[in-house]
Amino acid sequence: MQLTSVPIDKPDDLNVIIGQAHFIKAVEDLHEALVGISPHLRFGLAFAEASGPRLIRTSGNDDELTELATKNAVAVGAGHSFIVFLREGYPVNVLNAIRQVPEVCGIFCATANPVEVLIAETESGRGIIGVVDGGAPLGVEGPSDKEARRQLLRQIGYKL
């Protein structure tokens, strides 16, 4: 088995969701789940088939994001994996809808941070074994950090 790391190529202002699904129907069901969230949400997604023609299946409502998801899905090259890029929306707004898609097996990450996908490759193919999502912690929050966190959540409208 060979272990490698594949960095996800993305602009800093985009969010990415990386997961695993088990059936070709996933690409259409993920699209339907995302488009139903908000008329303002822009997204692109790519799903890597693991059998049959083993194609990267794509969809989205933003050509740039769909192209970016496709490019990254090709680089990851792991069967049954999917990549979703979001603009004008956040993972917190879409994760429940994505989890409710019957074909979705799991989600590796949902982030705006730099991401590396950890790949195991064998004679059978490639699979995602995990992700590196952002940097390691630099410390433990203190009282002023807690207050800043609380204020940020209220400033961006997630808390009253």
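The dialogue below walks through a predicted model.

Q: How many cavities of 30 Å³ or more does a search of the whole structure find?

A: Here is the general idea: rolling a probe the size of a water molecule over the atoms shows where empty space is left. In this model, the search turns up one cavity of 30 Å³ or more. The largest cavity has a volume of about 40 Å³.

Q: Which residues line the largest cavity?

A: The lining is made up of Gln20, Ala78, Gly79, His80, Ser81, Phe108, Gly127 and Ile128.

Q: And what is the make-up of that lining by class?

A: Three of the lining residues are nonpolar and five are polar, with no charged residues.

Q: What is serine 81 in contact with, leaving aside its neighbours within four places in sequence?

A: Serine 81 is in contact with Gly19, Gln20, Ala46, Phe47, Ala48, Val76 and Ile128. Among them, Gln20 and Ile128 also line the largest cavity.

Q: Where is arginine 150 found, and how does its accessibility read?

A: Arginine 150 sits in helix α4, residues 143–155. Because its relative accessibility is 38%, arginine 150 counts as partly exposed.

Q: How far apart are arginine 150 and leucine 160 in space?

A: Their C-alpha atoms are 10.0 Å apart, and the two residues are 10 residues apart in sequence.

How values were computed: Residues numbered from 1 in each chain as written. Predicted model: local features only at pLDDT ≥ 70, side-chain atom pairs only at ≥ 80, totals over all residues. Heavy atoms only, no water. 1 Å grid on protein atoms, 1.4 Å probe; cavity = no way out; pocket = protein on both sides within 12 Å on 5 of 7 lines; lining within 4 Å. Points joined across faces, edges and corners; volume = space filled by probe spheres on them. Nonpolar A, V, L, I, M, F, W, Y, C, P; charged D, E, K, R; others polar. Contact = heavy atoms within 4.5 Å. Helix = DSSP H or I, 4+ residues; strand = E, 2+ residues; numbered from the N terminus. Buried < 20%, exposed > 50% of the residue type's maximum accessible area, 1.4 Å probe, protein only.
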